Amino acid sequence: MRSLIDIVDFSVEEIQQLLETACDISENPAKYAERCRGKKLATLFYEPSTRTRLSFEAAMYELGGNVLGFSEAASSSAAKGESMADTAKMLSCYADIMAIRHPKEGAPFVAATNATIPVINAGDGGHCHPTQTLADLLTVYRENGRLHDLTIGCCGDLKYGRTVHSLISAFSRYDNIKFVLISPEELKLPKYVKYEVLDKNGMQYVETTSLEEAMPQLDVLYMTRIQRERFDSFDEYERLKDSYILTPEKMAAAKPTMRVLHPLPRVNEISVKVDEDPRAAYFRQALNGKYMRMALILKLLKEAEEGKQMEPVNAVENSALICDNPRCISSTEQELPHRFKLVDAERGIYRCIYCEGKKTLG
Ligand code: CP
């Protein structure tokens with residue numbers, strides 16, 4: 001079934017349709033109140049969540065549908081060792097669509113290749129978070145009035161912040177976008193996102209450690225939390241956790257039209273005093289997440305009725321291609337074949353189909 005695993009699974013035209021549907025839902029909620037009557041959404045959350053899970057659930061209820069699911073791995077049969085593939089087959093018997101958050105990168109993709117209902121990636125490890133990106137796009141569209149001709153600052157944990165990876169992929173398809181990548185040296189954007197998304201699409205970007213210097217040029221400031229749960233070393237997290245704190249004083253250097261986004265939860269990286277600034281758009285962004293998830297559920301259920309399928313992945317198996325990313329779903333689900341897609345024939349670069357971990361042959 002057609003699923004949403006990575007934001008680039010949808011074309012720019014499809015995203016535009018989702019934005020327009022979400023705007024219509026926010027203006028005319030009664031029109032949509034019965035659209036999913038008799039349908040069930042399963043929410044499979046193996047990692048903590050407030051916004052994503054509850055906005056999915058609110059979205060389905062506001063469409064007239066029902067919700068079932070779990071909010072921690074310990075209360076599911078994953079705790080007894082059930083595989084992602086078997087779980088996806090089970091849920092296909094009980095629900096019409098499912099949303100999955102999982103600490104292992106590629107878990108929603110494995111579910112999508114085994115389910116007979118649409119699967120939505122609600123965040124997989126440090127890899128992707130496409131429905132957050134849909135919320136981000138709607139927020140920029142409504143607040144800045146356009147998705148082109150923008151200078152976008154991404155600040156904080158650009159290494160582990162999956163929302164930033166999805167955001168950069170999404171905006172790399174719009175005209176005249178410039179990224180300012182603001183992070184400590186240790187938390188810079190992964191090379192694969194730089195080379196295979198930014199460079200491949202000819203995007204303009206600069207890297208800096210200074211939020212203050214970047215501030216005056218930005219149309220959007222996308223703040224992120226330092227992702228404590230992804231660090232191997234607690235000391236390293238303690239050293240980096242307060243690298244950036246946005247304050248009213250720093251906001252004084254920003255354009256009057258700039259907007260501050262944050263996927264939330266915040267820890268310490270935005271002072272609560274910034275909340276009063278009309279340019280602080282992060283709570284409106286969380287509401288936009290519900291409208292976009294409503295639009296997404298409608299789209300995927302309609303496509304399921306039409307029998308639309310996922311694009312097949314052109315992958316190879318080769319004994320020299322073994323994924324060694326410990327966060328990849330293939331590291332814990334031993335029966336999964338190690339499969340790779342060729343992304344750069346000239347340099348012999350392959351990417352794991354689950355987590356996009358890199359391998360070079362030749
Ligand atoms: N933005 C986001 O993913 O929030 P939750 O972790 O609360 O779902």
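This is a predicted model: local features need pLDDT of at least 70, side-chain atom pairs count only at pLDDT 80 or more; totals for chains, interfaces and linings use all residues.
Residues are numbered from 1 along each chain as its sequence is written. Local features of the model need pLDDT of at least 70 and side-chain atom pairs count only at pLDDT 80 or more, while totals for chains, interfaces and linings use all residues, and side-chain values use heavy atoms, with hydrogens and water left out.

Reader: What distance separates a ligand oxygen atom from a polar side-chain atom of His129?
Author: Polar contacts are pairs of N or O atoms within 3.5 Å. Ser49 has a side-chain N or O atom 2.6 Å from an oxygen atom of the ligand. For His129, the distance from a polar side-chain atom to a ligand oxygen atom is 2.8 Å.

Reader: How many disulfides are there?
Author: A disulfide is a pair of cysteine sulfur atoms within 2.5 Å. For Cys36, the nearest cysteine sulfur is that of Cys23, 19 Å away, and Cys36 is in no disulfide. By this rule the count is zero.

Reader: Is Cys36 buried or exposed?
Author: Buried means under 20% relative accessible area, exposed over 50%, and partly exposed in between, with a 1.4 Å probe and protein chains only. Cys93, at 58%, is exposed. Because its relative accessibility is 2%, Cys36 counts as buried.

Technical notes: A polar contact is a pair of N or O atoms within 3.5 Å; within protein, one must be able to donate a hydrogen and the other to accept it, and residues adjacent in sequence count only if both atoms are side-chain atoms.
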